Amino acid sequence: MKEKLDLIKNAALKKIDDAVSTAELNDVRVKYLGKSGEISMIMRDMANVPKEERPAMGKLVNELRFAVEGALSEKTEFLARKEEELRLKEEEIDVTLPVKGRKIGTLHPLTLIKRELIDIFVGMGFSVDEGPEIESDLFNFQLLNIPKDHPSRDMQDTFYINENVVLRTQTSAMQARIMTTTKPPIRVVVPGKVYRSDDDASHSPIFNQFEGLAIDKHITMGDLQGCLQTFAEKIFSKDTKVRLRPSYFPFTEPSVEVDVTCSMCHGKGCRVCKGTGWVEILGAGIVNPAVLDMCGIDSKQYSGFAFGFGIDRIAMIKYGIPNIKLLYENDMRFLKQFN
Ligand code: DAH
């Protein structure tokens with residue numbers, strides 16, 4: 001019997017010695033000490049050993065069990081430590097490696113221009129307002145002297161939501177909203193998105209406008225001209241000249257279109273101004289007395305000027321952007337040039 005126990009012991013110790021993983025060690029534990037493991041079976045068989053031999057046998061078996069258990073736990077601890085070390089090594093990160101710096105965004109060119117414009121007009125005493133992009137036909141057209149069958153509706157390709165609701169085609173809609181709710185004097189600018197069914201290199205179905213409105217006693221075309229001259233000098237450059245050409249808008253009378261000397265070539269003629277030295281930037285005029293009256297402002301007491309232009313167009317002229325689409329595609333290579 002002793003030889004048998006020695007054989008088992010040697011075999012078990014060799015297996016423990018040879019084991020290279022805690023998983024393998026566990027197999028050894030099951031083989032010898034598990035429920036039906038070899039050592040467990042011998043212990044169970046002790047009942048069949050003659051009584052007088054039992055104490056000596058018991059001692060031998062216990063020694064065997066302790067030897068195997070001891071070797072197992074020692075090796076388990078050793079392997080567990082090794083496995084842990086290996087895992088740590090594998091997961092090691094080199095904290096000295098240079099990082100891929102985080103990208104910081106930049107303000108969109110339209111945001112930059114809008115902020116600059118607001119700054120300029122606030123400096124001249126205007127306040128800033130905003131209004132809804134889904135607008136009623138009443139404010140977008142009718143109160144601006146554009147009744148339902150008016151031919152000038154063809155000037156703007158309108159997205160109708162229904163017969164009486166549109167995506168606003170012009171921030172001028174806010175003129176009507178403000179005049180119907182505010183007592184003069186009024187000095188306000190309104191930046192905002194507008195929509196038209198129009199799509200080419202210089203037209204986008206969505207674009208941004210900037211509206212201005214001043215109503216008071218004795219406002220004249222001279223006030224409009226002075227205001228626009230200051231605006232042009234500040235947004236482009238001090239040497240920018242402004243010229244007013246007669247035009248037509250239903251809500252202003254008289255109406256003008258306003259050109260500035262080209263900020264690219266300073267009036268010499270180039271690609272941007274198509275060789276003329278001038279670029280058209282806005283529509284404006286003296287608020288039509290009919291509009292004042294429709295909006296509840298007495299045209300005998302008050303007069304005013306109004307103007308409206310595309311923020312996109314100002315950005316394109318100022319930065320030399322050839323296609324309006326660039327402003328809406330959000331291509332990082334384009335946007336990061338406006339730091
Ligand atoms: N709303 C016009 C447009 O979108 C621009 C405009 C012209 C606005 C004359 C005005 C104005 O306030 O007085 O084409």
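**Salt bridges and a helix pair**

Modeller: This is a predicted model. Side chains of opposite charge can pair when their charged atoms come close. Here, Lys 31 and Glu 38 join their side chains in a salt bridge, with 2.9 Å from N to O.

Biologist: Which residue forms a salt bridge with Glu 69, and where do the two lie?

Modeller: The partner of Glu 69 is Arg 65, with the closest N and O atoms 3.8 Å apart. Both lie in helix α4, separated by 4 residues, about one turn of the helix.

Biologist: Which parts of the chain does the salt bridge between Glu 135 and Arg 177 link?

Modeller: The side chains of Glu 135 and Arg 177 meet at 2.7 Å, N to O. This pair links distant parts of the chain, 42 residues apart: Glu 135 belongs to strand β2 and Arg 177 to helix α7. Glu 135 counts as buried, at 1% relative accessibility, whereas Arg 177 is partly exposed at 27%.

Biologist: How many salt bridges does the structure hold?

Modeller: There are 19 salt bridges. A network of them links Arg 243, Arg 245, Glu 257, Asp 259 and Glu 280.

Biologist: Why are α3 and α4 described as roughly antiparallel?

Modeller: Their packing angle is about 160°; angles over 145 degrees count as roughly antiparallel, so the term applies to α3 and α4. The axes are 11 Å apart, and the crossing is left-handed.

Technical notes:
Residues numbered from 1 in each chain as written. Predicted model: local features only at pLDDT ≥ 70, side-chain atom pairs only at ≥ 80, totals over all residues. Heavy atoms only, no water. Axes fitted to C-alpha atoms, helices over the stretch in contact; angles between N-to-C directions. Parallel < 35°, antiparallel > 145°, perpendicular 65-115°, else oblique. Left-handed = near helix turned anticlockwise from the far one by under 90°. Salt bridge = Lys/Arg side-chain N within 4 Å of Asp/Glu carboxyl O. Buried < 20%, exposed > 50% of the residue type's maximum accessible area, 1.4 Å probe, protein only.
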